[in-house]
Amino acid sequence: MQNHAESQFVTKDGLEKLKKELKELIDIKRPEIAQRIKVARENGDISENAEYDAARQEQAFVEGRISELEEIVKTAKVSDVKTAKKDEVYVGSKVTVHIDGDKEIFYIVGAPEANPMQKKISHESPLGAALLGKKVGEIIEVEVPVGRLKYKILSIE
């Protein structure tokens, strides 16, 4: 779990998505769960009511996520692409690299918006951290589960 006292870097789009998720959880999901709990309570004995237990578990998860998102939104530092150096990798960069004969494109994002399946990697990840501050043409080596891989930076957007 992250240290909530520290601010977290996010992209402008990432912050908007986190705010949207927070609003949806507060305005839609929270009331839905409260209604489910109310209905389950009205159905009698809650000690053996699976719907009540499921709704309470979901409520705990949603409330935890709301707290987490509120903290992230409150402490977020938005990576400002206007002031960032265009020739260096920063949070918000789209980086094209050459690795083992293949071209790969990665988006460097803040930890809260990382999604490896979409090639959005956190600036705190081994690869993200290694890329930060690097320029086109530089080669970095990153320790991964299969060994050390070399990445050559082809372009930064």
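Student: How far apart are the closest N and O atoms in the salt bridge that Lys119 forms with Glu104?

Tutor: The structure is a predicted model, in which local features need pLDDT of at least 70, side-chain atom pairs count only at pLDDT 80 or more, and totals for chains, interfaces and linings use all residues. Residues are numbered from 1 along each chain as its sequence is written, and side-chain values use heavy atoms, with hydrogens and water left out. A salt bridge is a side-chain nitrogen of Lys or Arg within 4 Å of a carboxyl oxygen of Asp or Glu. For Lys119 and Glu104, the closest N and O atoms are separated by 2.8 Å.

Student: How many residues apart in sequence are the parts that this pair ties together?

Tutor: Helices (H or I, at least four residues) and strands (E, at least two) are DSSP runs, numbered from the N terminus. Glu104 belongs to strand S4, whereas Lys119 lies in the loop between S4 and strand S5 (120–122). The pair therefore ties together parts whose separation in sequence is 15 residues.

Student: What is the relative accessible area of Glu104?

Tutor: Buried means under 20% relative accessible area and exposed over 50%, with partly exposed in between (1.4 Å probe, protein chains only). Lys119, at 32%, counts as partly exposed. Glu104 is also partly exposed, and its relative accessible area is 23%.

Student: What phi does Lys119 take?

Tutor: Most residues other than glycine have a negative phi. Lys119 is a residue other than glycine with a positive value. Its phi is near 65°.

Student: Which residues does Arg148 meet in salt bridges?

Tutor: Glu143 stands opposite Arg148 in S7, and the side chains of these two meet at 3.1 Å, N to O. Arg148 also meets Glu141, at 3.0 Å. Glu141 is partly exposed at 40% relative accessibility, and Glu143 is partly exposed at 49%.

Student: How many bridges join S6 to S7?

Tutor: Two strands pair if DSSP finds at least two bridges between them. S7 runs antiparallel to S3, with 4 bridges, and His98 has Lys152 in S7 as its bridge partner. S6 and S7 form a hairpin with 2 residues between them. These two strands run antiparallel, and the number of bridges joining them is 6.

Student: Which residues touch the most other members of the largest nonpolar core?

Tutor: A nonpolar core is a set of buried Ala, Val, Leu, Ile, Met, Phe, Trp, Tyr and Cys residues joined through side-chain atoms within 4.5 Å. The largest has 16 residues, and those touching the most other members are Leu127, Leu131 and Tyr151.

Student: Which strand gives the most to this core?

Tutor: Strand S3 (94–99), strand S4 (102–109), helix H3 (126–131), strand S6 (139–144) and strand S7 (147–156) each supply at least two residues. The strand that gives the most, with 4 residues, is S7.

Student: Which residues does Leu127 touch, not counting those up to four places away in sequence?

Tutor: Contact means heavy atoms within 4.5 Å. With sequence neighbours up to four places away set aside, the residues touched by Leu127 are Phe106, Ile121, Ile140, Val142 and Tyr151.

Student: How many residues make up the second, separate core?

Tutor: This core includes Leu15, Leu18, Val62 and Leu69. Leu15 and Leu18 are among the buried residues of H1, while Val62 and Leu69 are among those of H2. The second core has 14 residues.

Student: How far apart are the end C-alpha atoms of helix H1?

Tutor: The expected span of a helix is 1.5 Å times one less than its number of residues. The 31 residues of H1 (residues 12–42) should therefore span 45 Å. This agrees with the separation of the end C-alpha atoms, which is 44 Å.

Student: Where does H1 bend by about 40°?

Tutor: The bend at a residue is the angle between axes fitted to the seven residues ending there and the seven starting there. In H1, the bend of about 40° is at Leu25.

Student: What separates the C-alpha atoms of Gly14 and Glu113?

Tutor: Gly14 is placed in helix H1 and counts as buried at 3% relative accessibility. Glu113 is 99 residues away from Gly14 along the chain. Their C-alpha atoms are separated by 5.9 Å.
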